[in-house]
Amino acid sequence: MARNSKRRSDKRKVRIKKTYSIEEIAILFEKTEGTVLTWIADGLPKIDALEPPLVYGWELKQWHEEWWDRRRKKCAANEFYCCHCQDVRPAEPGTITFSVRVADGIRGVAVCSVCGTSVVRNFSVEHALEAGRVLGEKQGRVSRFNDSDTAPSNPGIHLPMGDFAETADILPPEVHSEAPFVPRRTGSKRTTAVPKNPFNERLKRAYFDYLHHASGRSHKSVSKDEGALLRYESFFKFEDFGTFSSRRAIEYKTYLGSLGLSVTTVVAELRSVRRLLKWLAGTRGFTNKINPLDIDYLNPTMNERRASQSTSTKIFPSVDNALTAFRLMPLTKVIDRRNKAIFALLSLTGVRGGALITLRVKHFDPDRRLLNQNPKEVATKSRKQIDTYLFDTGEEFETCFIKWHRYLIDELKYAPDDPLFPKSVPLKGKGGSVGKNSLVPIHHGSTQSISLMVKRSFKRAGLPEFTMHRFRDMLVGEMYRRKLPADKLKAWSQNFGHTALKTTIVSYGKLSSVEQGRLIQESAIDTDDKPLTKKDLAEFFAGMAKG
């Protein structure tokens, strides 16, 4: 594993509820496995003495922060860290110069008093003023750089230092301000259960490998089981899984019911614990400890099952609402064009978020108006092949998206395998970001930024902050509004990627209470409609049978 380009690894990547192997830590921090073994020799605790070595995530995070604090060198006002000496050294008197930078504060450059090597250090405004007073500099310069020039080529403003405190008068307003200092919010501290039983942790790792490799479940699905099992362990004070009994099953069900969790969450967590115990009951060493009949005590009641499977009333936009939000979206930068194209495609297809961020340029055929969601390259649900034709929801949507597709090919010269919606990255300049972004032919890592863009677009139009998934409900509502025959209903259902028409109607076709009442009233007073014939019923049920 190649060494990370950053000196300090990002400890925020560590999940405190998980255990890590040597290889996983190396991948997480982008270090070599030898480096991780060195950390263990330096005091990184293992969960036990067994092989292969495992480390608790919460201990890894805590130890890594303490280890970095021990290595950190703190400099006094007149000191710099010398890379040649590999230690903190005082600056040679009369050699320090300061450079004012809008984004980074103040940078000091001096000469090491021991070896004569050039040393560099970043100062805050307060520390720079203190350094000027301590060093007693009588000469120096303050340079203000623009975004494109470098320090040697832009001499900037030269001033006799005298008292360094005078430089506060010439600092740019972005660096020096009379506004009071506001401490950064760190968030409220809350107690979180963390794993503490090494025996259980090794069992869970073997079980998760079974789920992923034998049962074919994704890492995202497995991570949901991790939280449910940790709650179960925490309730029983992290005792071994082999102590399970019917009495404990009843106690745990009562505990879950007292937490105020939704019925869906309770049923899902009981299912996760039940699945683990069934796996344990069939493994060596647990056949005599866990009675399979005791596991059935973790079953939810029939009412709880039905309640967990019920669908609540959803609020979703209409096509006119989406068009209003679309027209109010900005269109000044290339990123705005991309965002409008994303919004347009969602309105035309209702494509899922995971598939949206993995689409490539070649997956859209403008001649056939077809979006080919190939499961080998697109992250479709259950990895199904989905051929999605553009719904006729508005010419503005279709024109915007097709123009974006041509823009990628004709102007940006994107290849067929490049992403259909590339990621944006900030442009960097001297002294920090220049406040501009550029598109790079890289897929988005997650749907977070796109989901936020969609919510803001609806909010800008004075509408609720609808999510991307509500576009599917919008299109099914449009399907109802058009009163399509059975064969066209089936075509719309297949366009969503549904094998059965029932899935479309049950999952997205539930009418709101207001719409339900309106249709009931219309059916009672409307006598001019053509009566329903046996042929109409036969066509409808034939379409359902095909689904």
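How many bridges join S9 to strand S10? In this predicted model, two bridges link S9 with S10 (residues 370-373), and the two strands run antiparallel. Within this pairing, Phe364 is positioned opposite Leu371 of S10. The two strands belong to an open sheet of three strands, arranged in the order S9-S10-S11 with antiparallel pairing. Strand S9 (364-365) and strand S11 (386-389) form the edges of the sheet, each pairing on one side only.

The largest cavity has a volume of about 100 Å³. It is lined by 13 residues, of which Ser312, Lys314, Phe316, Tyr508 and Lys510 are the closest to its centre. Helix H18 (residues 501-508) supplies three residues, the largest share of this lining. Classified by residue type, the lining of the largest cavity comprises four nonpolar, six polar and three charged residues.

The second largest cavity has a volume of about 60 Å³. Its lining consists of 14 residues, and those closest to its centre are Arg352, Gln373, Ile386, Arg472 and Phe496. Two of these names return to the sheet described above: Gln373 falls in strand S10 (residues 370-373), and Ile386 falls in the edge strand S11 (386-389). By class, the lining of the second largest cavity divides into five nonpolar, six polar and three charged residues.

Note on methods: Residues numbered from 1 in each chain as written. Predicted model: local features only at pLDDT ≥ 70, side-chain atom pairs only at ≥ 80, totals over all residues. Heavy atoms only, no water. 1 Å grid on protein atoms, 1.4 Å probe; cavity = no way out; pocket = protein on both sides within 12 Å on 5 of 7 lines; lining within 4 Å. Points joined across faces, edges and corners; volume = space filled by probe spheres on them. Helix = DSSP H or I, 4+ residues; strand = E, 2+ residues; numbered from the N terminus. Nonpolar A, V, L, I, M, F, W, Y, C, P; charged D, E, K, R; others polar. Pairing = 2+ DSSP bridges.
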